[in-house]
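Reader: Hello! I would like a close look at one part of this protein, taken slowly and in plain words.

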Amino acid sequence: MKHKMGGLIGVLLWILMACQGTGILQGSSQERAFRERYVQKPFYTAVFIHPYRYNEDYLIDLTGTVAELDTETPRAPVAVPLGSPVTIVGLDDKYVLARITGHMPLFRILVRTQRGSLDDVAKELAMVLSKEPPLQSVRPEMRIFIERQEVRRGMTRREVSMSWGLPDKITSVPGATGTIEEWTYFDRRTHIFLDNSTVTNWQQF
């Protein structure tokens, strides 16, 4: 009898955990809302993407922790151009799962949100997903540099990520006119310096 009760309790706990949804979202209602908004809907990549390897898949890190925690995690030998068609196919306990046209491996998008709301996840995904072709929203004077994957003084944070992708590491300090940021790209061996969200200089290392 005790064994049967233990088994029944185990099944009930499993069902309860399943009903709560993934580790990313607060519960099954938030997960349903996510699926309605994102899954199998057309999007474009909003930034240049140079993913990490993740076994047989690719990893897009929105947390800025992969490079710091595991310097052995290699970049994949692919580059996804800005504006590539992308489709969200689902999520699991840690990742939003996506397919990008022209690439066979699954892309796993690592987000900071844990047990959060759909709005929390949406804010993060807005860093890498766009409903419209992203170059349409770029200032004309910066468009040619982004198309060439170059960085120039006067670029905004968004324009830098469109051109080079998200940095491996961001260091911020208070400045006279706002926040001074140092964006580090390990694969390019370059630091980019932004004052009040605008590029002022860069330096190779």
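Reader: Which strands form the open sheet, in what order, and is the pairing parallel or antiparallel?

Author: Happy to walk you through it. This is a predicted model, in which local features need pLDDT of at least 70 and side-chain atom pairs count only at pLDDT 80 or more, while totals for chains, interfaces and linings use all residues. Residues are numbered from 1 along each chain as its sequence is written, and side-chain values use heavy atoms, with hydrogens and water left out.

The open sheet has four strands in the order β8-β9-β10-β11, and their pairing is antiparallel. Strands here are DSSP runs of E with at least two residues, helices are runs of H or I with at least four, and both are numbered from the N terminus. Two strands count as paired if DSSP finds at least two bridges between them. In general, strands of a sheet pair through backbone hydrogen bonds, either parallel or antiparallel.

Start at the edges: β8 (169-174) and β11 (198-204) each pair on one side only. On average, neighbouring strands of the sheet are turned by 20° against each other, direction ignored. For such angles, axes are lines fitted to C-alpha atoms (for helices, over the stretch in contact), and the angles run from 0 to 180 degrees between N-to-C directions.

Now let us cross the sheet strand by strand. β8 pairs with β9 through six bridges, in the antiparallel sense, and T171 stands opposite E182 of β9. The hairpin of these two strands has four residues between them, and G178 takes a positive phi near 155° there.

Moving on, β9 and β10 are also joined in the antiparallel sense by six bridges, with I180 opposite D195 of β10. Their hairpin has four residues between the strands. In that loop between β9 and β10 sits R189, whose phi is positive, near 50°, although R189 is a residue other than glycine. R189 is partly exposed, because its relative accessible area is 47% (buried means under 20%, exposed over 50%, and partly exposed in between, with a 1.4 Å probe and protein chains only).

Helix α6 (residues 157-164) lies across β8, β9 (179-185), β10 and β11, and runs at about 5° to β9. Contact, in this description, means heavy atoms within 4.5 Å.

On the α2 side the contact is made by Q30, A33, F34, R37 and Y38, and on the α4 side by L118, D119, V121, A122 and L125.

Within α4, the buried residues are L118, V121, A122, E124 and L125. These residues lie on the same side of α4, because they cover an arc of only 160° around the axis, the arc being that of the directions from the helix axis to the C-beta atoms. Their cover includes α2, β5 (95-100), β6 (107-110) and β7 (129-130).

One more residue is worth a glance: R115, in the loop between β6 and α4. R115 is not a glycine, yet has a positive phi of about 55°. At 38% relative accessibility, R115 counts as partly exposed.
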